[in-house]
Each structure stands twice: as structure tokens, then as C-alpha cells.
Amino acid sequence: MKKKIFVGVFALVIMVALMTPALAQDKVIKWKVQGFVPAGMLYHETLQRTAAIVKEVTGGRLVWEVFPAGALVPPFEGLKAVSDGVYEANFGYTGQWVGKIPVAPLFTAAPGGMNALDMQMWFEHGGGKELYQEMYDKYKYNVKVFITSPIAMEIFMWSKKPLRKLEDFKGIKLRMMPIMGDVLTKNGMAVVFMPAGEIMPNLQRGVIDAAEYSIPAFDKSLGIWEVCKYLHLPGVHQPASQLEVVVNKKAWEALPADLKVLMDAAIWKSRLQNWLWMESKSIEAMAFFKEKGIEIVQVDPETVKIFMKWANDYLDEMGAKDEFYGKVWKSQKAFGDKWYPYAKMFSLPH
């Protein structure tokens, strides 16, 4: 009888041991993820799309509960909050962290520099991805960074009057993204930096006279075209932008090994899908602006050249002052020296 009981208990133990991995795989892990724009705007939808892909690829085992900007913490506090474990992940862009990490905006855009494809090449084959994580480690943030969707060239500026030449910008108070905001400030222009949700009320109240934020698709959802009737190109300040997901390292390390692989794969999938989706929405947005009578202004080429020179001089100066800043800037320039001639050689002159 004792022998039968022992055999039965042993068999039960074996069954439980075999079932445990399966039960662990069925467990649903939920993460809180905050975005950087209000609900209803394009980049919040981009976050929702990314969360849907994560859920799909992981078979529903990893679920991102998404929140709009400010729902959990103020938008510019997202990096610290994730590092401290307040919530698991933040969806945003590095320009938000300029007050804490001076070099951070270079991982979003360099004025007059790389376009969206150029940036992906630098990240994956020019050492950019490694420098990206090194930045967060160097500044003691307990996060793992994932490179998500690139964004194409932005609209340079929206304003209530055309701004073609350098002198047209005098006396204009404008919202501009770092680093270009710092460049323009250094050269005597009145510049402020603020989150997306503050742009429209400040334009309506006359706190600012002009503003840039992003690509046509996002600016359509922002509603900036209702206040400003002049859209300016080219986007010399941001030839590309880059979205990121920063994940608390403890939350990342707690994931089962297979879920880590699946989440990485999901973000790679969203990286391309969302990039192309946003481009398609921008084509629609430009047609919409035309219907609404928005005037497209081409900034004078000589003024664009001046802006590019100012930006290059500023970045050289910052790189000389800050060793890590210089390391990142030199890496981008060195990769550009190899990549730009090749890219031009294998392009048609459309």
C-alpha cells in the first residue's frame, strides 16, 4: 500500500513539474506604458498600434496598458519615472530629456543631418545603437532602450505670416525642438520649448507666434492649421525624428527568456509598419492642408544654408565641451562621410 502511495505521489510531482512551464507561459504580464502626446493625436495612436503588435506577437502574454502624456507623470519626467520603477516603460523621443542629458536630442535628430533611412543605418551599422544604450548607462538611468519607428522630415514651421528670409524671423517668438532651438537662441532668436499639448493654447493666446512640432500627419491631428495658415519647408531642424521605448531594467530582466525575444521582434515589426503608416497619413494630411487653403512656403535656400552652418558650428562647439557629446557627434559625422556618397551614388535625381 505504501509503495502504491509513493508511486502515486511521485507521478503527481512529475506531472506538476511538467505543467509548471506551460502554466508560466500562460501567465499574462501587464506593463504600464506612457506616451508623450495627448490621446487622440497621431503619436498616441502610434503607441496603441505598437502595443497591439506586442500583444499579437507575444500571443497575449505581454500586454501594454497605454496612457497618454501626463496620465502617470508629466511628459518630461517619463525617463526618471521608468528608471525609478514607477511604471514599466515610456514611449517617446530623446529630445524630451535635454534638460537632464545634453546629448540626448542627437538620438532624435541632428539639424541639417541624417534623414530617416540614414538614422537607421547609423543605429544598426554605424555604432549608434550601442552609443544610445551607453548614454543611458552613463547618466545612471536604470533603463534598456529599444529603437522604434523612425519619422520622416518634419514641417519646419507653422506661422501666421510667411517666413522666407532670415530677417522675417526677427521679433518672432517660436516653439522649436532642441537642438535647433538652442542654435536659433544662440543666434539671437526668441525660442521656447514645450510639450505638444501646450502648443495650441499658447498659439491661441499669443504667447508664441509660430511653432513646429512634427510631420504633416501629426500636425493635422494637433490642429495647428486652424491657427496658422503658413506651412514652411524644408525641415532643416529635423530631417528625421526617432521614437524610442525605454524599459525599466528590472521589469525587462523579469520577463521569461522567450518573451524577451518576442517583444524585441514585435518592436522590430512595429518599427517598419508604423514608419510606413505614418508616411501614408502624411500624404493624406498634405492633401487636406491644400483643401483648407494652407500656403506652403519654401524657406529661402540661402537662409537654409545659414541655419545648417549655425547648427554645424553649434554641434562642433558642444562636442568640444562635452566628451560624450563629442563622441556621438563624431560618430554621426564619420558614418555620414561613408554613407552619404554611397546613398547619393545609388539614387535617381527625381
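Buried means under 20% relative accessible area, exposed over 50%, and partly exposed in between. The model shown in these views is predicted.

**View 1. Tyr342 and Phe346, a tilted aromatic pair.**
Tyr342 has a relative accessible area of 43%, so the residue is partly exposed. Phe346 reaches 59% and is therefore exposed.

**View 2. Phe288 and Phe289, an edge-to-face aromatic pair.**
The structure holds 22 aromatic pairs. Phe288 is buried, at 18% relative accessible area. Phe289 is buried too, at 2%. For the pair of Tyr342 and Phe346, the centre distance is 4.9 Å and the angle between planes is 35°, so that pair counts as tilted.

**View 3. Charged side chains over aromatic rings.**
Lys220 lies over the face of Phe288, at 4.6 Å from the ring centre. Arg49 lies over the face of Trp277. Here the distance to the ring centre is 4.2 Å.

**View 4. One aromatic cluster of Phe and Tyr residues.**
The members are Phe36, Tyr43, Phe91, Tyr93, Tyr213 and Phe218.

**View 5. Strand 5 against strand 8, an antiparallel pairing.**
Strand 5 covers residues 157-159 and strand 8 covers residues 210-211. The two are joined by 2 bridges. Trp158 stands opposite Ala211 of strand 8. Strands of a sheet pair through backbone hydrogen bonds, in either a parallel or an antiparallel sense.

**View 6. Strand 1, helix 2 and strand 2, a right-handed β-α-β unit.**
Strand 1 (residues 29-34) and strand 2 (residues 62-67) pair in the parallel sense. Their pairing spans 6 bridges. Lys30 stands opposite Val63 in strand 2. Helix 2, residues 42-57, is the helix of this unit.

Definitions and conventions: Residues numbered from 1 in each chain as written. Predicted model: local features only at pLDDT ≥ 70, side-chain atom pairs only at ≥ 80, totals over all residues. Heavy atoms only, no water. Phe/Tyr/Trp six-rings, centres within 6.5 Å; stacked < 30°, edge-to-face > 60°. Buried < 20%, exposed > 50% of the residue type's maximum accessible area, 1.4 Å probe, protein only. Lys NZ or Arg CZ within 6 Å of the ring centre and 35° of its normal. Pairing = 2+ DSSP bridges. Helix = DSSP H or I, 4+ residues; strand = E, 2+ residues; numbered from the N terminus. Right-handed = clockwise from strand over helix to strand, strands pointing away.
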